[in-house]
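Work through the exercises below with the sequence and the 3D view side by side. Try each task before reading its solution.

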Amino acid sequence: ANQIGKSSIQIRKYVDFCTRPDLWRKLFPAKFEVDPNAKPFLWYLYPNQDTVMQEFDEKWEKEFMPRGEFKDHPIYGWRKVIKNKVLKAIQFNSGAAIYFKTYSQDAADLQAGTCWIIGCDEELPVNHYSELVARLFASDGFFSMVFTATLGQDFWRRAIEPTKNEKEELAGAWKRQISVYDCMHYEDGTNSHWTEE
């Protein structure tokens, strides 16, 4: 389903993670055994640089980033890192950082780096998947992707909707298919703005 909040939910998840140092040790205990002062860094991927800028302006900064008195808070505070008019990262005062990458980069350009979490917004070209997941080996990190399949990639179809006799890709992953009907009510039972109409 389109326009039901997939991207917004993933953005909020990562902003929350970056401003919750208490989560870091729970989710990555091995990192802190090696380095008690470890600071997480994440990669967040969009299809292209124009989308990075548009999504940051319209969603991240406008809706989900800490603002007002929290913009300079010791934990919640943040600053954007722009080089050559391109948004490269968000540095949080907590020490966490989110680096923006794009699917339009060659897979080889994504080889250098180890990160704790990778988030993808929109359907990832499958030829990038194995390279990105390799960036998580050293951290035993997390990969997540929110998308509506539009590219006709068989790997993602078999991951989400394999037929009865097919091997399911990423069989152990936590996957959800959400429709607008699923979004008509909140967890507490109250109505959302989505209706059958």
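Predicted model: local features only at pLDDT ≥ 70, side-chain atom pairs only at ≥ 80, totals over all residues.

Residues are numbered from 1 along each chain as its sequence is written, and side-chain values use heavy atoms, with hydrogens and water left out.

**Exercise 1.** State how many salt bridges the structure holds, and describe the one between K62 and E58.

Solution. 
- Start with the term: a salt bridge is a side-chain nitrogen of Lys or Arg within 4 Å of a carboxyl oxygen of Asp or Glu.
- Side chains of opposite charge can pair when their charged atoms come close.
- The structure holds 12 salt bridges.
- In the bridge between K62 and E58, the N to O distance is 3.2 Å.
- Both residues belong to helix α4 (residues 49-64), where K62 and E58 are four residues apart, about one turn of the helix. Helices (H or I, at least four residues) and strands (E, at least two) are DSSP runs, numbered from the N terminus.
- E58 has 42% relative accessibility and counts as partly exposed. That class lies between buried (under 20% relative accessible area) and exposed (over 50%), with a 1.4 Å probe and protein chains only.

**Exercise 2.** Find the salt bridges that R157 forms with D154 and with E166, and name the network that they belong to.

Solution. 
- The closest N and O atoms of R157 and D154 are 2.9 Å apart.
- R157 and D154 are three residues apart in helix α6 (residues 154-160), so about one helical turn separates them.
- R157 is partly exposed at 29% relative accessibility, and D154 is partly exposed at 40%.
- The side chain of R157 also meets that of E166 in a salt bridge, at 2.6 Å from N to O.
- E166 is partly exposed, with 29% relative accessibility.
- Through shared partners, salt bridges join D154, R157, R158, E166, K167 and E169 into one network.

**Exercise 3.** Give the strand order of the open sheet of six strands, and say which strands stand at its edges.

Solution. 
- The order is β2-β3-β4-β1-β5-β6, with mixed pairing. Two strands pair if DSSP finds at least two bridges between them.
- β2 (78-83) and β6 (142-146) stand at the edges; each has a single partner strand, so one side of each is left without a neighbour in the sheet.
- I90 stands opposite I98 in β4.
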